[in-house]
Amino acid sequence: MTPPPLARSLAPLPEESLPGFLLRLSHRLVRSPGRIANLCGLAAYERRPPAYHLIGLPDDIATTLAAATRLSRAEANDLTLRRYANTYPPLANAQGHSTINMVIQREYWVFNASSRYCPECLSGDGSPVQSAFGGPWKLSWHLPMVFACPLHHRLLEVVCPECGNVLGGATQNRGSLIREPQRDDLHALQCRNPTSEHRAAGKRREVCGARLDTAPETSGSHLSAAERARLIGLQERLDRRLAPAPVEPAAGEPGNPFPDLILAAQLIKLSWPAGAELAPTPATAALIDAHATPITAILDGPLATTSKYLRMADLRPAPSDPATCGALLLAADTLLGDSEPSSLRERVQPLVQAAYQRSPKRAYQILRGTKVSAPLARSLVRRRQIFHAGGSSRGPGRLRVPSRDCAFSPEEVPQLLPQAWFDDHLAHLIDHMLQVNSGTVRHLRRAASLKLMEMTAGGTWAECAETLGMPRGSAAGTLAVLDGAMPSNLWEEFEAGVERIAAEFDSNPNQANYARRRRTMATWRMPARDWPELCNGIPKLDRLARQQPDFATVLVWVEVTQSEHLNCPLLATTALSRQDRRLLVDQVAQFLTPANQKAGRLELRRRLDLYAARLAVQCDSAAPGTLS
């Protein structure tokens, strides 16, 4: 049953949180917050309004709360962190669990169980209501990204000035939404931290009771005015992106900055002091150092592999101190800087390497499954020469992110770079290679296709080979050969050449769909009547003219799909014996050798290319298996 409305209520203040609203309302009605929560349907037991209601209210409870307090459903829901669900992604991974009465977090940096606060905001705006019951306990103060109050140009506080304890304590994510909810003799702005863990028989437990609206400024008090101004400037930018109707990101900014900031902050902590130069001043660096050094000391010590000494829950959360949290986010913001690929990677990679050197397992846990912007994801990926590294499944190379923004799709990448594109953009590399042989051109063309696939699909070279239908052994062999044949500066020139090819792909709206061609041609065979016609009138073909059409099938498949003849599906069928397959492979290889393409063979190659060009047009419009 829906309970009757309370005798009196209050209008929520701008940005007010649910616990703050309950504290003010209970003070007005001279009832304990637990009793008010019970009357509003927030708690089955008035001693414990559950903390998970801060995340969001179920529809039935939101309806009950709205009816009891004469609020709309929207006003009731705006008292919870659901208000920021669309602008702060980590909240999507937090949910309440009513059975065990706690908040389940699948991601860190979700929210602060205890509230930070601005004493000047708590003192109110001078209106009769706020003078009597206090200003708002703001909902945003529960977000790790909020560490300052731009309105009053100061950093937030997190501890009571009298008892020196964090408000609400470390256990607020489990149990009660409000500390000492049964107390009805405290103002909404008084500290509710117990002064002792034990309660005398028949008596209330003593609480601190200090007024928080008169707390002195202690957070970041040793920072200069310029340093505080820089932190407050960052807070203003973050507030604009946290707003329920956020401002549009500027050109080049990520759609939502918070996943990138969180990962950057985690990376700085785990690799500290590798990123010490990212802190803008020695004072902000000292704040980060005080937070990170105890963690890294354990990671660098003999107990690093013993999980009970340092759990991920100790490593991942945001610093509780607002000044330290702001300093860490300021360093993270500096790390991200502009998203220009080469400069971002130059800043990020030393920290990635330091983090993996210190603690591979924990670095992997932080990076895996991270949904960050494409530029940051690319900067995290380790490389082997110019390719995404394969390595262990626990490395950031496993982040399958395209290495550039492409207008072409993975299906438009050929298995073997066409010879004409190679001649235009990569052929000059041969003059500078340390080793050259008959297979060099094939290896360069193969590697170029792998790089093009990485650019548009992401993944390691092995994953790119699989997508192209290229045997992994072929890809591995190519990289091994080129590793020994190309100095590092030549790899850079190779990458620049492939970038030019990718730019041509981007500008061509009619690029061929090579994956479709491979699927369509998978079962195609040269019609028996066409082969004699192709050979007719060409002198000195000798044995080639008498071959079965299998020879032409492979050659046409190679040209239509721009693939290597060894990967032709015909060669994998049981219709060919091992000896026939070996003979056919040798004949095709000899025919494709430039030195052998003379006289009649050259004319046959020309005819086969024309035949393949007409067939390619059919492939681009026909359904698989319907070629005529």
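Helix H11 is largely enclosed by the rest of the structure, because 13 of its 15 residues are buried. That's a handy way into this model, which is a predicted one. The protein comes to 24 helices and six strands, and buried residues make up 51% of its 628 residues. If you look at contacts between residues at least 6 apart in sequence, 69% of them join residues at least 24 apart.

- The length of H11 checks out: at 1.5 Å a residue its 15 residues should span 21 Å, and the end C-alpha atoms are 21 Å apart, which agrees.
- Thr324 has its place in this helix, and at 9% relative accessibility it counts as buried, since the cut-off for that is under 20%.
- Leaving aside residues up to four places away in sequence, Thr324 touches Leu287, His291 and Pro319.
- Just after H11 comes Gly337, which takes a positive phi of about 45°.

**The nonpolar cores**

- As background, nonpolar side chains in soluble globular proteins tend to be buried together.
- Here, the largest nonpolar core has 112 residues, and Tyr88, Trp109 and Met145 are the ones with the most contacts inside it.
- Helix H11, covering residues 322–336, gives the most to this core, with 10 residues.
- Apart from that core lies another one, of 38 residues, with Phe387, Leu452, Phe494 and Val498 among them.

**The largest pocket**

- Which helix gives the most to the lining of the largest pocket? That's H16, with four residues.
- By residue type, the lining of the largest pocket divides into 11 nonpolar, seven polar and seven charged.

**Backbone spots to check**

- The peptide bond from Trp272 to Pro273 is cis, with omega near 10°.
- Pro273 itself lies in a loop, the one between helix H8 (258–271) and helix H9 (282–300).
- His153 isn't a glycine, yet its phi is positive, near 50°.
- You'll find His153 in the loop between strand S3 (148–149) and strand S4 (154–155).
- Ala599 also isn't a glycine, and has a positive phi of about 45°.
- Ala599 is found in helix H24.
- Is Ala599 buried or exposed? At 62% relative accessibility, Ala599 counts as exposed, because the cut-off for that is over 50%.

Note on methods: Residues numbered from 1 in each chain as written. Predicted model: local features only at pLDDT ≥ 70, side-chain atom pairs only at ≥ 80, totals over all residues. Heavy atoms only, no water. Core = buried A, V, L, I, M, F, W, Y, C linked by side-chain atoms within 4.5 Å. Buried < 20%, exposed > 50% of the residue type's maximum accessible area, 1.4 Å probe, protein only. Helix = DSSP H or I, 4+ residues; strand = E, 2+ residues; numbered from the N terminus. Expected span 1.5 Å × (residues − 1). Nonpolar A, V, L, I, M, F, W, Y, C, P; charged D, E, K, R; others polar. Contact = heavy atoms within 4.5 Å.
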